[in-house]
Each structure stands twice: as structure tokens, then as C-alpha cells.
Amino acid sequence: MKRLNRQVTVFGSAIFCVVVFSLYLMLDHLQLDNTKSPNNGGDRLQNLSILQGKIDRLERLLAENNEIITNIRDSVINLKESVKDGVPGGGNMSQGPYPELLALPPLVLPIDSQDCQFAAREFSEPADGVQLLDVYDLLTFDNPDGGVWKQGFDITYQENEWDSEPLQVFVVPHSHNDPGWLKTFDDYYRDQTQHILNNMVVKLHEDSRRKMIWSEISYFSKWWDNIDGQKRDAVKSLVERGQLEITTGGWVMPDEANSHYFALIDQLLEGHQWLERNLGVKPETGWAVDPFGYSPTNAYLLKQAGLANMLIQRVHYSVKKHFASQKTLEFFWRQNWDPASSTDILCHMMPFYSYDVPHTCGPDPKICCQFDFKRLPGGRVSCPWRVPPQPITDGNVQQRVQMLLDQYRKKSKLFRTKVVMVPLGDDFRYTEALEWDQQFQNYQKLFDYMNSHPELHVKAQFGTITDYFNALRKSATDPGHTVPSLPVVSGDFFTYADRDDHYWSGYFTSRPFYKRLDRVLESHLRAAEIIYSLTLANIRRSGKRNDFPAMENYRLLTEARRNLGLFQHHDAITGTGKELVVIDYGIRLFHSILNLKQVIVNSAHWLVLKDKSAYSYNPSKAFLQMQLAPTCLFSYRPVVVYNPTEQDRTSVVTVYVNTPHVRVVTDHGRPVPAQVSAVWSEPTTASTEAFQLSFIAQVPALGLGVYLLGEAASGRAETAEYVFFRQSGELSVNVKHFTVNIHQDASTPLSIHNPHLQVWSSPITGLMEVRHLKEDGSEHQIKVEFAWYGTTSNRDKSGAYLFLPDGEAKMYSPARPPVIRVTKGSVFSEITTTFDHVTHTLRLYHVQGVEGQSVEICNSVDIRGEFNREITMRLTSDVDSKDRFFTDLNGFQIQSRKTMAKLPLQANFYPMTSMAYLQDPGTRLTLLTAQSLGSASLKSGQLEVIMDRRLNQDDNRGMGQGVLDNKVTASSFRLLLEKRAKTDGYIMINPLFSQLLLHQSIGEKLSTLSYPSLLSHVSSLYLNHPLIPMAVSTEAESRSLSPLSPLASSLPCDVHLVNLRTIQSKEEGGGPSDEAALILHRKGFDCALSNRNTGLLCATTQGKVRPLFSELKFQSITPASLTLMHTPEKGSNQEEISLKPMEISTYRVQLT
């Protein structure tokens, strides 16, 4: 029983098996921390080796039992959402559940016709505009030898070009500090980063002409906490004098492919809030030299935060060459959906291969390396071109200046002005005082010579990146104008290639286990932030003092924010760190998930009590519990259900119980539709001691519902029925309490259905083949398959970063026939197929509305025994998508993609953070995902997703390892098939819609713009933010509980509450203040897709959000920049919030 209890852990929407070994891992980690010392490297490695051995043993123990796979599936899927519109018929009830709580939804969503014009409008590019899709069409992607600039071309100039306007050179010293990669965050800090920052204070003070930039606030804040007041004052003086610039100011330099916009905002907010409290600094310029490709989402977020400029580096070498030839390396980056210039941010693209010194002074790395004075003879680093730097002396300064100035001039020829920026740094540079002296003293001699010889027509100096951008703006702005005359660019910079056919599309999937965990933490953090903020506001409103642990819980929230922020780093969520570093990230993620559960149950405890004076905080005896074992039912046991979304919603909630004879009722005693299912320890063996209870809960937006579970002889939940199939061989099924049939006939297709859909699957594989829409009677071929990619036989092979396949994927052929289990019940039905490497589940919810309209797919993948293989799930449909498909960028916007035959297979894979879809004039097929993965559409009607990668070698990008630390990984999806609307009232009223349909049928140009439907948006919201059940502890005293409805109504259908984040107090101790950041996003949506039977209780309101709360009031509400750095001069209390389509806005609010 003890072993069983451990295995049926329900982990929010997380992955069960990880909890067990993560706790074990954390315990050992803490023990190791007590014994390790900086001088004890061998012991530390030995201890870590022992730890890894323990993890491996525990994983093997867990993997022995396939019950885990079932529980992974259930943990990810069963806490998902249904919809508002009705309940399946049956014996449980006669008049629909909880009718007094939620109203009946309309058949068709009430959408204001004005709200549809955004997606329907004509769009024309500016005259000087560059659309990256057009650039890809234009380029041949050949790779001729460019001479000294291998990936470029020969650059020439005339000596007299700078006679009338001298060349301005800004050399920008920087040190790129990865918060984890080859070492953990803490080890890097101990060994390198603290020394860089300590030396910075001393060395910048030695000469006021010296400059430095710094980006990663995760490191800076850790260092700040360890230095004294005198050193802090010295840092502040460097900032005030302009010698030290904080660039970007985020917690990390984030990955831009896999990170969700919630996490991108959160890490930026955490960094900016830290800077405001400690340095009073407001960053002006973004600095992103190392992410592996760039998303316009991040550009938008920087602009909304108040930054004016940004810099990028890792862009496809062919795109760089094209931009250099057109002199468009400096441009205004504009969002695809912006018809004007409100989203423009000035961007500099570095032209050459890397951000290290050999690739930044000019086109010839052999020359530039001679000006990296850390590589002077006798040091640990040398120049690969075998010509070392020389110390600058009076005897050689003239000759060395001529060499360097030649590179500066050639570099400047790639730009439109006579201002050139030259980074001076690399990874973890300036660790030792000697390097500061080598670089700054030698460069100062070069600058002094240049600046004292007017015939050279150059002014050279150290500068910060904003010094450079200020000079650029001044030089590029024509007389009488206020904005620089530079081109406008729209689109994204994926997929990155740094040389040859080396496309960095592997990291879109690498370490998918942790990518899923990232989203689980994100969901928990958002849920905890909101309920914690509501609790504090309600406590203030009540005016009663109590022992609610506000300070302790705020500390847990802060730690979770920082751990989530740390994991957005471009070597963390990407899956490109060493194994021991990945383990360190994993510990942080798990630790924070557990802590956030604590915050949620503490807050829900206070909110759900009818008598607030009865509240008492006892950390050793929690009132509410996230379920860690089957709930024992002897009498009715209350379960509190938290809805963290801004929509009133009806959803399926799953808990585990110790009896199949269960009844579920509301707190008013009304029976609730429920289903008891088996907990499968093997594909054909069920537990006799634990059972899965799924019931339909109705919970108001951001609210709490109360349900009672009890053992009952009558009126109890219906039990699921099971049918097993296997093509050949005997099949023995061990199960009690459930009806089971075993079919030998493999000729009849398997089928499950709900009020909206019917799905047919192959009786041989159990995989979906046909999908039937009941609304219009249409049938669509949608075939699910699995396939393997190998790696090329060439010297360079796939690794954590690179995807270098050995050709097209080969279909997955299991060594033995799979076991197929069909579950049929009143709440959900599903088909589960157990292959050797994948357990695949298709699930339909028997509800009207959002969840009933999609098929839920869960894959639990285990490829730990494979050699250089990657497994993909492929959907093949009858959608005539041709060579076009669409993927989201960071869950924020949709980017059109074109599969190009002129590119290698791996170049046609793109990041999918929350969705990808195919469409033709009549149909759209959308795959919604709960984790970031790599996706492609290699043929018309096909969509595929790489599920996991196991690679036995390094791919020579610095990590030094293959990817061999695979875990059993659960990935969760929803598959949505939508029809173009034909007769919905709102659609045909406005002629813009028929115009939109026409363009989407035949127009190539408009395909750069696309938007999900409202149904798709809400389905994605529900998938990523499931309802959260909490059982009242058996040890808790009996209290009267009351449901909570904090909002006056659901928010408008197209408005998403990104966060309600309590701001830290500026007082000593840094606990919670009485202010919060209210962050809202108005989503762009496509009205031309059907809005019938969504079950939603919302409408669209032209972006107007009226008073949100039912009882709480805004004491103040002030518009601010995204991260609260800037407040408009006219900022004041607003009666009404108004958002433009796609806009993300932040408000500083006081709730009471």
C-alpha cells in the first residue's frame, strides 16, 4: 500500500514520477552542500557521481512499473477543463450541475463586429520595409567562400571617405556570464563572476574613460548581497558617471524560442524591480549576443518596458550577409501586426560569426584576434590563426593603429552611418585584474594615437552600448526630423544556422522533460501570484489582524520567480547545459513547484473560510492539501477547487480515492456528474486499492468552488467500462470493480465520441485515423503516426543544439503488437495504446463546449535504450495546406512559415511554444501544446512534432556532452479542427469578413498575418492552466467553507489576465507591499472561424475592461510601462481600462 500511495501521487498538472526522485535528489543535494568546499573539487565530483548513481537507480525502480506512465498521463490530463454548456445525461443528476453558480452560455459568442476588423484589415508594408519571409524567398542559401570574411564578401573603401565626417568608434567592453552551462549558476559565481564584478569596481575607478556593460541581474543581485556598503556606493557612482551600464536588466539573457511570454515578462520584471529598489537604474538598451535566434515577441516586450534600443547577434549567416549587403543591419524592428510604428524598436544586428573579439572588430578574424590582449603570449588563451597580439608600444603603435583602423573602416562600410560599434569581450571575460590591465591599457594607447592624429579622421573611445545608440540616432536622423532614417524590418530570426547546414533546430526539443516542467512551474507561479494577491487584498479589506504567513509566502514567491527566471536562460530551457547543471536546474524547479503549492493552499485556506476569525496558520498541520496519496473516504470530505483563469469555467477535475463507491455533491448537496476509473499499474493490471475519480466542476473566474466527496451505497459515480485489443497473443487482464471485455477481432475500427466529435482509430495500432464533426456531419482524415529520425553519417552529427538527420524519418514499427485499452465513461472516454517506446492516449470529454471540441493527446515517451535517435509524432490530414503552416512565437503571436525545398530538412523545423496549425480555405487544424517542442510541416496536410532526442555525441558547440540523460517524459496536447464560418450572424454582417476569407483563400501576401480563434485561445489557456483541487486535511478541524467569486464576471473573451503580482515593499525586510502589478493582454483573434458551442460566458467589448472585482475595489490604478519602470506623466486613476488588439499593458494597482 505504501508503494502504491507513492505511485499515485497527483502533482497539480505535473509529472508524477519526477516528484519522488526529485525529493530524494534534493535531500542528497542538501547533504552534499554541507560537505563541499571550493577546494574540494574531487570530492564534489565523487559526491555528484554518487548522487547521479542514486538518481539512476531510483529511475530504474520507478520505470519498472508502467503504472507511472498511466499516472503521468492522468496528472497531466485529468485536471483539465471542460466547458460551461451542459452536462452529460445519466443517473447522477437531472437538471445540470450547480445552476445557481454559473449561467447558461449562449449558443454563439457575442462578438462585437468592431473587434473583428483587426484580423480582417488590409495590411501594406512600408516603402522601406523588409519582411523576413520575403528575404527567405529571395535568398539562395548558398555558401560561397567570402575570403577573410568566410560567410560574407570582400569589403573595400576609399581613403578619403571620412574626410568630411570622421569615423566614430565605440568599443564596448562586456563579459557574457551564462547563469549555468558547463558549471552550475552557483559554481560559476564562486569561480568567476564574483571576481569579474569585484575587479570591475576597482578597474573602472582607475580611469574615468573606461566603460563596461552588464546584463544578468541574477548574478549581479547575488554579488550585491555579498558586498559591503562602501562597494555598493562605488558601484552607484560608476552608474551615475556613465561608466557602468546595465543593459536589458532582465534576470537572465533569455532564450527566445522556447520561453513563454509569461516567463519572459516575469524575468524582466524581476530584474527591473530589483534595479529600481537597489540601484535606481532604468535600462535603455537590450543586449542579446547569445540566444540562438530571435523572436519579435521579445522586441515587443522590451519596447513595452520602455527600452529604446536592442542588439542581436546569432542570426542565420545568409541573412546576415544579405542585411550587410543592403546596409540594413541597423533597423527598426516592427511587429507583423502593427500598421503604424508604435511597436518600433531600434535594433543593431552584429554582422559577423560570433560576439568574441576575433569576430567583432572587423571582417578579418586573424587581424581582430591580434587585438584581444588577453591572448598575449604567455597566457592561457591564444589565437587559432597563430599570429599573437603584441603589447602596444611607442615603437609599434602607428603600425598597429593602421591595422585596426582598417578593420574599423571596413566594418563601418556595412552600415549607413559613420558610427561603428565594436564589442570587446567574450564568455566570462575580465575575471582577473591582469586582463583588465591588458585590454584597457593597450586599447587606450591605440585610442590616444588615433584621436591625436586628425589626418586619420577617426574618434575612438570606450563606450557603453547606449553611448553608441545615442551617436547612431544623432547621425542617422536627417535635419528637421526626429526619427532616424533607417529601414523597418518585420518577422522573426528562426531557424538559426551558424555555418554550412548546421541548423540549431535540435534545441527546440532537447531535454523535453524539463521543458514540460518549466510550464508546470509557470502555471503554478501564475496561480499562486493571483490567489496570494487576492488574499492580501481581502485581508486588508477585512481590517482584521491575523497570522496569515504573508512574509514567508512572499519569500517563497520571490524564490520561485527567480528560479523560473533563471530557467529562461538560453542554456537552461534550451536543454543545452551539462548534465550536472541540468540536475541543478531541475532541483530548483521542483523545489519551487512544491513551495508554490504551499502558497496556494495557505491562501485558499484563508479565502474559503466563511468565518475569517476562525483562521489559524499551523505549518505542521495544513488545513488544505494538494493530494499526495489516495483520499480516504469514510464520511464526506470537502475538496476545494481553484480556477486560476479569468473565465468562469466548467472542467473535469481528477483526484485519487481509496474506494470505487464514491458520490460527489456540491456544497449545496446537489449531485455532480462523476466517473470512477481504474489506476493501471501495468497496461492490463489495475490497482485494487486506489481509484481515479473524475468529476465535472464549475468554478467562477479566479474563484474557489467547494465539493464534497463521500463513500456511498447509492447515487454514486458511474464506473468506467474497458475493452482491450491486441492483434496477436494472449491477453490477461487483472481488474476488479470494473466491466472488462477482450476483443480478438482486429477488423473493426475503434471509436469514441462526445457531443461534438467522433474519433475512429485503427484496431491494430490504436492510433487516430478519422475525425467526424457532428455539427456539420463532415469527416476528416487525420492520421496519427510515430517515426524515428537518425543522425547523419557525416563527421558532424546531431547534438543538444543541432539537428542533423540522416534523411527523412522512418516509420515507427514496434517489435510486438501494442496493447490497446479503450475506456468508456460518462465524463470522458479514451483510447490508450502501449507501445515499447510510447504510451499514447486519445481522450474525449463528454461535455458541451471548449473541451468537448478538441481531442486531448498525451504521449509518455521513453527512449532511454536508444542510440542516436529522435522520435516524432506526425499528423497527416486532408487539409490542403500546401507549403504553408503557422507556429506561435512564445505563446504571444502567430508567425507564418513556408516549407522550402531549397533548404535542408532540419531548416524547416521551427519552435512551437503553444500551438501550430495548418489551414486551407475551409478548415484549420490546430495542435495546442503544453510544452515547447520543435515542429514542422514537411508535406501538405502534415504536421509533426519532435517528442524526444537521444544523442550519443557532442555537436561541437561547447557543451562537451551528448544528450543521454533522458527521462520518461509526458507531453500533452489538444487537437482542434475548426471550420470557416459561413452563416454565423456576426460574421456575415460585416463585409470585412468575406474580404478576409477571400484573401486567406487566395492571397499569398496576407498569409504573413494570422491569428488563432477565440476557441483556440481559450483551449490553450485551459490546457496550460488546469483547475487545482485541494482536499481538506483529515486532521483539520471542521470549518464552514464558502465558495469564492472574486470577479464581477468573466473578463472579455479576448482579454487574458497575464498576472496579478504583488510588488515588493521598499521597507527593510522586503516583504509584500500593498501594491500589485496587474498585467493584461488583449489577444488578436480570427472571427472567420466558428464561435458556436464554446460554452463560454464572455463577450468581446472593443478592449474595454470595466471594474473587475465583485467586492474588492481599486484604491488606485495607474498605467505603467510593462515592468513598472516608467509611469506616464498623466498617469492617474482610471475608471476603465482600454486595450488595443495584441497589446500587453501593466497597471500599478492598490486593491482593498
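How much space lies in the second largest cavity? In this predicted model, the answer is about 130 Å³. Residues are numbered from 1 along each chain as its sequence is written, and side-chain values use heavy atoms, with hydrogens and water left out. Because the model is predicted, local features need pLDDT of at least 70 and side-chain atom pairs count only at pLDDT 80 or more, while totals for chains, interfaces and linings use all residues.

A cavity is a set of points, on a 1 Å grid over the protein atoms alone, where a 1.4 Å probe fits but cannot get out; a pocket is an open set with protein on both sides within 12 Å along at least five of seven lines, and lining residues have an atom within 4 Å of a point. Points are joined across faces, edges and corners, and a volume is the space filled by probe spheres set on them.

The second largest cavity is lined by 17 residues, with Thr248, Pro254, Trp287, Ala288 and Asn298 closest to its centre. Two or more lining residues come from each of α10, β5 (285-288), α11 and β6 (309-312), where helices (H or I, at least four residues) and strands (E, at least two) are DSSP runs numbered from the N terminus. The largest share, 3 residues, belongs to β5.

Helix α10 also contributes two or more residues to the lining of the largest cavity, as do α17 (512-542), β33 (893-898), α22 (1014-1024) and β41 (1055-1064). This largest cavity holds about 370 Å³, and among its 32 lining residues His260, Tyr261, Gly891, Ser914 and Lys1083 lie nearest the centre.

What of α10 itself? Its 18 residues (261-278) should span 26 Å at 1.5 Å a residue, and the end C-alpha atoms are 26 Å apart, so the two values agree; the expected span is 1.5 Å times one less than the number of residues. Just after α10, Gly280 takes a positive phi of about 65°.

Turning to open space, the second largest pocket holds about 680 Å³. Tyr300, Gln304, Lys1140, Glu1143 and Ser1145 are the closest to its centre of the 25 residues that line this pocket. Helix α11 (296-305) gives two or more residues here, as do β44 (1114-1120) and β46 (1144-1151); β46 gives the most, with 4.
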